[in-house]
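I opened a notebook on this structure today. These are my entries, in the order I looked things up.

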Amino acid sequence: MSKGPPTLRLDRLLSNLGYGTRREVQQLIWAGLVTLDGDVIDDSDQRVYVKPDLATRMIVDGEPLDPAPGFALMMNKPLGVTCSHKELGPLVYGLLPERWRRREPAISTVGRLDKDTSGLLLMTDDGALLHKIISPRSNVSKRYDVTLDRPLRGDEVKLFAAGTLMLEGEDKPLLPAQVEIATDRRVFITITEGRYHQVRRMFAAIGNHVNALHRDRVGGLALPDDLKAGEYRLLTEADLEKVLEARV
Ligand code: URA
């Protein structure tokens, strides 16, 4: 027998989505402010199927329900915000609706971009999906638009493709990376690992310096041109397939 979608009690679902404590969401439900397919549900114990389409079928206090558990989004991360739940200063989570920060399970970034790196950042509340995307076995590539301080030496394409480059303080060489040259100070680099400050350290290792770093692609998913810095958009199944499509 195939396993259907999971069910949750309505009060548990809403409190997990950050609408309030169990008590507070019960008040909402008992007040008749929650509807499913147009019908009021005033029984807080009622179990509902947790499926992506709930967000279009359920209305809470006049507004469509937030994304159901098990969702993912892409953000165009601006410069100056940090991929962390606890550091001081502006955080990527601060760019999401306030209620989403109280969700359980919490939303996390899929890997990280440095504070000074912009571009395509994925986020999800689905731990299994997160691990699948970052697992070395999935071989998900990441492409960066890199602006360099000094002109290219000329051997970067070969050197990075060789799979022998060693980063300072590490004892395992980097996997091969692809470099496409745009100008003598601008390249697109595609890597499959996610080591700490990897792209900046790769160029530091060959005597250059990264002045600007922007991620424009994860797997086969490109950052849409119309997604402005600081904006985000939910991922569709098709987007997720593109993320996981092995490219390199
Ligand atoms: N490499 C870096 O140096 N920084 C990032 O944010 C991502 C890759």
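The entries below cover backbone details, then the domains and one interface between them.

**Entry 1: the model.** I am working with a predicted model, and I keep that in mind for each entry.

**Entry 2: a cis peptide bond.** I looked at the peptide bond that runs from Glu 104 to Pro 105 and found it to be cis, with omega near 0°. I then asked where Pro 105 lies. Pro 105 is in the loop that connects strand S7 (72-77) and strand S8 (108-109).

**Entry 3: Asp 37.** I noted a positive phi at Asp 37, near 50°, in a residue that is not glycine. I placed Asp 37 in the loop between strand S2 (34-36) and strand S3 (39-40).

**Entry 4: His 197.** I found a phi near 50° at His 197 too, again a positive value in a residue other than glycine. His 197 sits in the loop between strand S12 (186-191) and helix H6 (198-205). I read a relative accessible area of 29% for His 197, so I list this residue as partly exposed.

**Entry 5: the domains.** I wrote down how the protein is divided: domain 1 (7-64), domain 2 (72-136 + 224-243) and domain 3 (141-218). I note that domain 2 is given as two stretches, 72-136 and 224-243. From here I follow domain 1 and domain 2, whose C-alpha centres lie 25 Å apart.

**Entry 6: area between domain 1 and domain 2.** I reminded myself that the size of an interface is often given as the accessible area lost when the parts come together. For domain 1 and domain 2, I have about 460 Å² buried, with 45% of it from carbon and sulfur atoms. Which residues of domain 1 lose the most area to domain 2? They are Asn 16, Leu 17 and Gly 18, and together they make up 77% of what the domain 1 side buries.

**Entry 7: contacts across that interface.** I counted 4 residues of domain 1 in contact with 4 residues of domain 2. How many salt bridges does the rule find across this interface? I recorded 0 between domain 1 and domain 2. I did find 2 residue pairs in polar contact across the interface of domain 1 and domain 2. On the side of domain 1 that touches domain 2, I sorted the residues into 2 nonpolar, 2 polar and no charged.

Key:
Residues numbered from 1 in each chain as written. Predicted model: local features only at pLDDT ≥ 70, side-chain atom pairs only at ≥ 80, totals over all residues. Heavy atoms only, no water. Helix = DSSP H or I, 4+ residues; strand = E, 2+ residues; numbered from the N terminus. Buried < 20%, exposed > 50% of the residue type's maximum accessible area, 1.4 Å probe, protein only. Domains from an automatic or database assignment. Contact = heavy atoms within 4.5 Å. Buried area = accessible area lost by both parts, 1.4 Å probe. Salt bridge = Lys/Arg side-chain N within 4 Å of Asp/Glu carboxyl O. Polar contact = N/O pair within 3.5 Å; in protein donor to acceptor, adjacent residues only side chain to side chain. Nonpolar A, V, L, I, M, F, W, Y, C, P; charged D, E, K, R; others polar.
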